[in-house]
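Hi,

Here is the structure I promised to pass on.

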Amino acid sequence: MKVCVSSSGNSVESTMDPRFGRAAYFVIADTDTMESEIIENTAAASGGGAGITSGQLMVDKGVEAIITGNVGPNAMNVLKAANIEIYRGESVSVKENIDKFKKGLLEKITNTVPSHFGIGVQGGQK
Amino acid sequence: MRIAVLSGKGGTGKTTVSASLAVSVPFCQYIDCDVEEPNGAIFLTPEIQESIPVKVPVPEADMAKCSACGYCAKACQFHAIAVVKGKVLVFPEICHHCGACVIACLNDAIREVERTIGVVEVNGDGTFLQGKLNVGEPVSIPIIRELRKRMKKDVPVILDCSPGASCAVVQSIEGCDYCVLVTEPTPFGLHDLKIAVRLVRKMGIPFGIVLNKASDSSRLIHDFCRDEGIELLMEIPFSQEIAESYSKGVLPAQNDDFWKEKFEKLYEKIERGAGK
């Protein structure tokens, strides 16, 4: 299964970024093989529509589930339309979050945070 | 003669200065371009006669023609479209109405539909105009554009701008003959004033500074004006009397001949500065 974790850095050892749309990086990993692809999020600093761009990226990459902290309303609309599941990760490394996900320890997110919630927040810190 | 009043920092006195000019300059037109929070009407108490909705075109996809190629989403600089599992998701609030998606579509599947984002309000003789952006809307430019279309050509026009130095201000001051930069003697006032100065210099518009809430700290602004060779047009003191009447919706120039004359003088300086 292809999952994506919002990440504060460019490795699987980096701490999860609690923001989805404006995450610094995305780590997309196959849970069976643990092969991963790391993408710098070009939408992180965009003026608007970061959630939509990030959501579209997930769709284009064929991601089936996302592990992150907070999802805004626009990103949620895109992800819902694509039937991508969202799980609440913890403030630990990307790798540890994927391990927890595989063990079924992460809860599903269905609610959103307000627009622009993650603007001005440094990656990985609340 | 088109005069724009801007400041950089909010709350320095743009409306005080522009509305005071409006009551001091005969036969002028006042336009409140601060469409997120227009407040000139509180002082000028116009009778609004006409309210014109401002509409913008936003895309709508005809799914019978759409092939879900995603070109519309890629063309959108503002990320207002996503194409997901054969569906086109449009986020109308984020759209900037440029029409790129319509051009990018290979199947002629996108048409534009109208959406109201606010209003332009006008008094009986068109000497007072204000724009109002609906709450929650992020794009104010179309409303400012509508206001500007209604600028009079034969009388002085005073444009009360929004704070900051971004698109809304650029749109408001473009083509103006003179800019009045209102500031206050605080580090924040100076910081944002510097940004506003860079903007008007870049746009090549003659300008001068009005120092409001002048106090013991005024040197901050005096030094800046002297070092930069900028004309300090006028000073309004940090006065309890002015603040009290302001809190009742009365401008300094409305209840006091002293201040009315001061603003008439300000207008003369503006005319000279604009070379008109």
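Let's start with helix 1 of chain B, whose buried residues are Lys14(B), Thr15(B), Thr16(B), Val17(B), Ser18(B), Ala19(B), Ser20(B), Leu21(B), Ala22(B) and Ser24(B). Here "buried" means that 20 or more other C-beta atoms, placed from the backbone, lie within 10 Å of the residue's own. The helix spans residues 14-24, and ten of its eleven residues are buried. Helices are DSSP runs (H or I, at least four residues) and strands are too (E, at least two), numbered from the N terminus.

Before going on: this is a predicted model, where local features need pLDDT of at least 70 and side-chain atom pairs count only at pLDDT 80 or more, while totals for chains, interfaces and linings use all residues. Residues are numbered from 1 along each chain as its sequence is written, and chains are lettered from A and ligands numbered from 1 in the order in which they are written.

Helix 1 of chain B packs against helix 10 (residues 257-274) of chain B at about 95°, with the axes 9 Å apart. Axes are lines fitted to C-alpha atoms over the stretch in contact, and angles run from 0 to 180 degrees between N-to-C directions. The two helices are therefore roughly perpendicular (65 to 115 degrees). On the helix 1 side, Ser20(B), Leu21(B) and Ser24(B) take part, meeting residues of helix 10 that include Phe263(B) and Tyr267(B); contact means C-beta atoms, placed from the backbone, within 7 Å.

As for the two chains, their contact takes twelve residues from chain B and 13 residues from chain A. Strand 4 (81-84) and strand 5 (87-90) of chain B each supply at least two residues of chain B's side.

Cheers

Notes
Buried ≥ 20, exposed ≤ 12 C-beta atoms within 10 Å, placed from the backbone. Parallel < 35°, antiparallel > 145°, perpendicular 65-115°, else oblique.
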